[in-house]
Amino acid sequence: MKLIMPDYCRKFRCIADKCLDNCCNGWGIYIDDETLEAYRNTEGDFGERLKNNIDFEKKCFMNNGSGRCPFLNRQNLCDIIIKLGEDKLCSICKRHPRYFEWFSDHIEGGIGLSCEEAARLILGADGFGLYSCEAPAELCAESDTEPQYDELYFKFLSGARKKMIELLLDENVPLDTSLGMLTAYAEELQEHTDRYLIDDVPDIKETDKSLDTRRALRIMRNAVPADEAQRKYLSELCAFFKGKNDPETIHSENEKELRNTAVYFTWRYLMKSVFSGNVYPRIMFAVFGTKIINAMFNYEMRLGEHLGFEQKCAIAKLFSKLIEYNEDNFYLVIENYEY
């Protein structure tokens, strides 16, 4: 079985203790059954430490309210890797920030925007290419049942995604125009889906449609932050754009990073629609995410300051942690764009 991923994934390496916002901090980390049993049977002093810091009923590491994994040491390195080896990590810790989606004859994947090193690769990419390789055996093993979907519909959506990514990367079309065109295209693709008109992929047309960023910010106000810092930022962001401040303008200096962000969301989420036929909200999530990250850029530029590349990556990562990697908040957005 083939694994298909964006080219930039080849460059990804975890930067471990050099990471400014460690992925072992601020998350609830689920432990898969096989690893949980291995931890339960680990002997010696470290085995006792494992038992004392794992909730075996909830299948997760305890953090005693700190949000910090109990095995993340003062040097921001993992004591499980140090004591037992990297192969003894649970599946989430082994894979993060990688993600995968299983289809009948291949697996698609990538790296997630919530990781700062991944964010650098995603936002800094020059274009968007793909590479394929043989999928590792452990990934193939997880596809133990044949995914149920219409192969013709898969081909239809795949063709639509290709057109969408080409549009987003076309610098001759202003990004705000492209996002408006995708908003209209989302409606058209949903109508084609509902009427089963999937023999040919429609072209993306010019339109004056657009996603209202102020409406998107109203959705953001209902998101549940993970901590006080996220709560404070979200409150200040939404309050800033309640008045006359403009959330819509896309500054040319930010356009490359925003185009790459929109491509990331499109690559990652559109093909999930093949299982449900619910294509409109998946496309609108890509538009929503890009528009909100742009509003966040504009908020940070409110004092007339330009954003450095690292600042842009940190902002995109913050959105990802707040919305994309919080299941409740992710589906809050999806449900608000049900067609």
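User: Quick one on Lys205: how accessible is the residue, and what does that count as?
Analyst: Lys205 has a relative accessible area of 47%. Buried means under 20% and exposed over 50%, so Lys205 is partly exposed. Bear in mind that this is a predicted model.

User: Which residue does Lys205 meet in a salt bridge?
Analyst: Glu188. The N to O distance between the two side chains is 2.9 Å.

User: And where do Lys205 and Glu188 lie?
Analyst: Lys205 is in the loop between α8 and α9, while Glu188 is in helix α8. The pair therefore ties together parts 17 residues apart in sequence.

User: Is Glu188 buried or exposed?
Analyst: Glu188 is buried, because its relative accessible area is 19% and the cut-off for buried is under 20%.

User: How many salt bridges does the structure hold?
Analyst: There are 24. One of them joins Lys163 and Asp203, with the closest N and O atoms 2.8 Å apart. Lys163 sits in helix α7 and Asp203 in the loop between α8 and α9, so this bridge connects parts 40 residues apart in sequence. Lys163 is partly exposed, at 25% relative accessibility.

User: What about Glu324, which partner does its side chain meet?
Analyst: Arg268, in a salt bridge of 3.1 Å, N to O. This pair links distant parts of the chain. Glu324 is in helix α13 (residues 309-324) and Arg268 in helix α11, 56 residues apart.

User: Are those two buried or exposed?
Analyst: Glu324 counts as buried at 7% relative accessibility. Arg268 counts as buried at 15%.

User: Switching to aromatics. How many pairs does a search of the whole structure find?
Analyst: It finds 25 aromatic pairs. Among them is Phe103 with Phe154, an edge-to-face pair. The centres are 5.1 Å apart and the planes are at 65°.

User: Where do Phe103 and Phe154 lie?
Analyst: Phe103 is in the loop between β4 (98-102) and β5 (106-111). Phe154 is in helix α7 (residues 151-169), so the contact ties together parts 51 residues apart in sequence. Both Phe103 and Phe154 are buried.

User: Which residues form the aromatic cluster?
Analyst: One cluster is made of Tyr264, Phe265, Tyr269, Phe285, Phe288, Phe319, Phe330, Tyr331 and Tyr337.

User: Now the backbone. Which peptide bond is cis?
Analyst: The bond from His96 to Pro97 is cis, with omega near 10°. Pro97 is in the loop between α4 (91-95) and β4.

User: What is phi of Lys59 near?
Analyst: Near 60°, a positive value in a residue other than glycine. Lys59 belongs to the loop between β2 (54-55) and β3 (60-61). Its relative accessible area is 26%, so Lys59 is partly exposed.

User: And phi of Tyr196?
Analyst: Phi of Tyr196 is near 55°, again positive in a residue other than glycine. Tyr196 is in the loop between α8 and α9. Tyr196 is partly exposed, at 47% relative accessibility.

User: Last topic, the surface. Which residues form the positive patch?
Analyst: Arg215, Arg218, Arg221 and Lys242 form a positive surface patch.

User: Where is Lys242, and why does it count as exposed?
Analyst: Lys242 is in the loop between α10 (228-240) and α11 (255-269). It counts as exposed because its relative accessibility is 64%, and exposed means over 50%.

Notes:
Residues numbered from 1 in each chain as written. Predicted model: local features only at pLDDT ≥ 70, side-chain atom pairs only at ≥ 80, totals over all residues. Heavy atoms only, no water. Patch = residues over 30% accessible without salt bridge, like charges linked within 9 Å, V, L, I, M, F, W, Y side chains within 5 Å. Areas by Shrake-Rupley, 256 points an atom, 1.4 Å probe, with all protein chains shown as cover. Salt bridge = Lys/Arg side-chain N within 4 Å of Asp/Glu carboxyl O. Lys, Arg positive; Asp, Glu negative; His and termini not counted. Charge placed at Lys NZ, Arg CZ, Asp CG, Glu CD. Helix = DSSP H or I, 4+ residues; strand = E, 2+ residues; numbered from the N terminus. Buried < 20%, exposed > 50% of the residue type's maximum accessible area, 1.4 Å probe, protein only. Phe/Tyr/Trp six-rings, centres within 6.5 Å; stacked < 30°, edge-to-face > 60°.
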